Amino acid sequence: MFPLQLLALLFISTPSHDPKEKGRKREREEEADGGRGERTESKYDLMFRRGDLLEVPRTLFTHFGIYLGAGRVAHFIPDIMPIVSSNQCRIKQMVTNSRLLLGVLAKCGSVRVDSVEDFAYGSEILINTTDKVCSRPALRGEEVAVRAEKLRGDVSYSLLWYNCEHFVMYCRYGTVVSFQTFQFCKTVRKLLLSRRVAKVTAVLGACLLLYLRAVSTCATLLAVLLPFLIWMAS
């Protein structure tokens, strides 16, 4: 716990506004809804339907979410904050890049409901494009949204084996699969299982045998990188 708390102090900035005031504002909004969870209509209800699968292209990957209506999106995102803090006001704030990165390393995340703006993070939103490539038919919109709402909460996160795409694929199609993970593993397999890599590995193995009893930079890097890669791929 201590290393994660130390990283949080270094990378997670303190909110500029008063968390207590934000909490009181949220309570007033809930009271205005009569405590029944009712939501006011949003302009996004004219663009999306409840249960739509939303995609947001990022630099290296695509982020996915399920539209719930009233401008709200359920999505699974890595987040370090639930581990290092019990303050619900801070946890419910928009997940920053620092929180996301630390969450990936710590393999922790949460299925949360955010506004469309926070979900998109300034990027373009695509709708239901996975329907064209998935062999299974999509479930009814209401059933998709209900599934997403039931899964809210803290969940173990894995960059390869359980990420945001696995979450939305289960909600909309009833299957846990990630096309991004498949393409990544396919590319890695193609790169690693090549003759060039085999030759390089053989040369490196011979060098390590020659300098087995010597402390070298190469040996140190291997000792650090191999456990790290195994950890991230687990």
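## Annotated position

UniProt positions are given here in the numbering of this chain, and such annotations may be inferred rather than shown by experiment. With that understood, the unreviewed UniProt entry carries the annotation "active site" at Cys164.

Cys164 lies in helix H8, which spans residues 164-173. Because its relative accessible area is 6%, under the 20% limit, Cys164 counts as buried. Apart from neighbours within four places in sequence, Cys164 is in contact with Thr62, His63, Phe64, Phe76 and Tyr157. Strand E2 covers residues 62-69, and the pairing of this strand is described next.

## Strand pairing around E1

Strand E1, residues 53-57, is mostly covered, with 4 of its 5 residues buried. E1 runs antiparallel to E2, and 5 bridges join the two strands. Together they form a hairpin, with 4 residues between them.

## Helix H5 and the residue after it

Helix H5 comprises residues 97-106, and its buried residues include Arg99, Leu102, Gly103 and Ala106. Val104 is likewise buried. An α-helix has 3.6 residues a turn, so residues three or four places apart point the same way. Just after H5, Lys107 adopts a positive phi of about 60°.

## Cysteines

How many disulfides does the model contain? The count comes to 0, the criterion being a pair of cysteine sulfur atoms within 2.5 Å.

Cys134 has a relative accessible area of 13% and is therefore buried. Cys185, at 28% relative accessibility, counts as partly exposed, because its value falls between the limits of 20% and 50%.

## Confidence of the prediction

The average pLDDT of the chain is 77, and 65% of the residues score at least 70. Over residues 1-38, pLDDT stays under 50. For this segment the model has 30 contacts beyond four places in sequence. Where pLDDT is low, the predicted coordinates should not be read in detail.

Conventions: Residues are numbered from 1 along each chain as its sequence is written. This is a predicted model: local features need pLDDT of at least 70, side-chain atom pairs count only at pLDDT 80 or more; totals for chains, interfaces and linings use all residues. Side-chain values use heavy atoms; hydrogens and water are left out. Buried means under 20% relative accessible area, exposed over 50%, partly exposed in between (1.4 Å probe, protein chains only). Two strands pair if DSSP finds at least two bridges between them. pLDDT is the predictor's confidence in each residue, from 0 to 100. Contact means heavy atoms within 4.5 Å.
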